[in-house]
Structures are given as C-alpha cells and as structure tokens.
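Student: Could we go through this one together? I'd like to start with the helices and then move on to the charged pairs.

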Amino acid sequence: MNALNGKTAIITGGAEGIGLSIAQAFAKQGAHIVLADIDGAQLQIAEQTLLEMGIPALCVTMDVAEPTQWQHLVEQAEARFGDIHILVNNAGVGGRNGSIESTEHKDWQWVTDVNMMGVLYGMQAVVPRIKQHGAGGHIINVASMAGMMGVPYAGAYTATKGAVVSLSESWH
C-alpha cells in the first residue's frame, strides 16, 4: 500500500516544472492532486497532461500572495477530495537581478509577496485544516540553495528563500 494513497496534496506553482513533477510523482503513489498556479493557460495544459496520464486533478488559478484566494483554494480542495494532508509551497519568482541601488521597491515587494508571504499564507490556510482532521500531514516549503548563502545581484530572491528556510525550521 502506498503511503500517499487517498491523501490530498495541494501544490502551488504546479502548472509546470518542479510543481508539476511533484504532482505526477504524488499521483503515482495514489494521492489526490490539487494544483494551483497564477498562469491559468499553463495550468490548463498541466491539467490536460494529468488527465492524459489518468490522473484526475483539481486545478485552480490563484495568486499565492492573496490570502483570500488561499481560503477559496482550501474550500475547493475539501469540497472535491475531503481532508487535506499535504501542502507543497512551491510557487516562487526570481525577480529582477541588479545592484541594491538599481533594484526598485516594487520588485522587492513582488518577490517578497510571492516567495515569503505566499508561503506564510499557505501555511495559515492549510495547517489548521490538517490539524483539524487529526490524521497528520506533511508540509514541503520549496526554497533554494540561494537561501543558504548570498547570491550577487539577487538580493530579493536570496533574502526571501533564506526566510523560507528559517521559517520552515522555526515551524518545525
């Protein structure tokens, strides 16, 4: 029996790349898949890919930087599959690289909103639901090696990925 059989996994940034690969791997282990991504067109392609593999999934276009959209995602996931057991905070952006004096405030804000606040909002929306059903669960917060050391001209990305690492360790 697969450990993920019948478990529900929410995966952000799931329309392609790492997120979609995680979804495919979890589905092969019997998990119910909920994909979330800001790119609705790419999300439709991902949904079609999963359907062609025989994997039914709930795909929701959303912005992880918007707390109310997290609540809507959780409600849809529970309505479709019941209890939520896994959250994969995978959505992330790189931002514009540049020196400290050339990086605009709006770029820092965007990277912070997606990479750090998106993780926080996901945790706030999903962890209480995992605790409520009492069967336990798992959280995967995707960071980067950039979160372990500074990367020249990538201050916002590095800072937010470092924050994800530190927050994950704190929450653990």
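Predicted model: local features only at pLDDT ≥ 70, side-chain atom pairs only at ≥ 80, totals over all residues.

Student: OK, so how many residues does H2 have, and how far does it reach?

Tutor: Helix H2, residues 40-52, has 13 residues and reaches 18 Å from its first C-alpha to its last, which is close to the 18 Å expected at 1.5 Å a residue.

Student: And which of its residues are buried?

Tutor: The buried residues of H2 are Leu43, Ala46 and Leu50. Viewed down the axis of H2, these buried residues fall within an arc of 60 degrees, so they line one face of the helix. On the other side of H2, Ala41, Gln44 and Glu52 are exposed.

Student: What covers that buried set?

Tutor: The cover over the buried residues of H2 includes H1, strand S2 (32-37) and strand S3 (57-61).

Student: Since H1 came up, is glutamine 24 buried or exposed?

Tutor: Glutamine 24, which is found in helix H1 (residues 17-28), counts as buried because its relative accessibility is 19%, and the cut-off for buried is under 20%. Leaving aside neighbours within four places in sequence, glutamine 24 is in contact with Thr49, Leu50 and Met53. Leu50 is also one of the buried residues of H2.

Student: Switching to H5: what span should it have, and what do its end atoms give?

Tutor: The 17 residues of H5 should span 24 Å at 1.5 Å a residue, and its end C-alpha atoms are 24 Å apart, which agrees. The buried residues in H5 are Ala156, Thr158, Thr160, Lys161, Gly162, Ala163, Val164 and Val165.

Student: What do those pack against?

Tutor: The buried residues of H5 pack against H4 and S5.

Student: Now the charges. How many salt bridges are there in the whole structure?

Tutor: A search of the whole structure finds 3 salt bridges. In one of them, the side chains of arginine 129 and glutamate 78 meet at 2.2 Å, N to O. That pair links distant parts of the chain, with arginine 129 in helix H4 (residues 105-133) and glutamate 78 in helix H3 (residues 67-81), 51 residues apart. Glutamate 78 counts as partly exposed, at 25% relative accessibility.

Student: Where do arginine 96 and aspartate 107 lie?

Tutor: The side chains of arginine 96 and aspartate 107 meet in a salt bridge at 3.9 Å, N to O. Arginine 96 lies in the loop between strand S4 (86-89) and H4, while aspartate 107 is in helix H4, so the pair ties together parts that are 11 residues apart in sequence. Arginine 96 counts as exposed at 57% relative accessibility, whereas aspartate 107, at 10%, counts as buried.

Student: What about lysine 106 and glutamate 104?

Tutor: The side chains of lysine 106 and glutamate 104 meet in a salt bridge with an N to O distance of 3.9 Å. Lysine 106 counts as exposed at 52% relative accessibility, and glutamate 104 counts as partly exposed at 43%.

Student: Last topic: which residues form the nonpolar patch on the surface?

Tutor: Met145, Met148 and Met149 form the patch, and together they have about 370 Å² of accessible area. Methionine 148 is found in the loop between strand S5 (138-141) and helix H5 (155-171), and methionine 148 is exposed, with a relative accessible area of 54%.

How values were computed. Residues numbered from 1 in each chain as written. Heavy atoms only, no water. Patch = residues over 30% accessible without salt bridge, like charges linked within 9 Å, V, L, I, M, F, W, Y side chains within 5 Å. Areas by Shrake-Rupley, 256 points an atom, 1.4 Å probe, with all protein chains shown as cover. Salt bridge = Lys/Arg side-chain N within 4 Å of Asp/Glu carboxyl O. Helix = DSSP H or I, 4+ residues; strand = E, 2+ residues; numbered from the N terminus. Buried < 20%, exposed > 50% of the residue type's maximum accessible area, 1.4 Å probe, protein only. Contact = heavy atoms within 4.5 Å. Expected span 1.5 Å × (residues − 1). Arc of directions from axis to C-beta.
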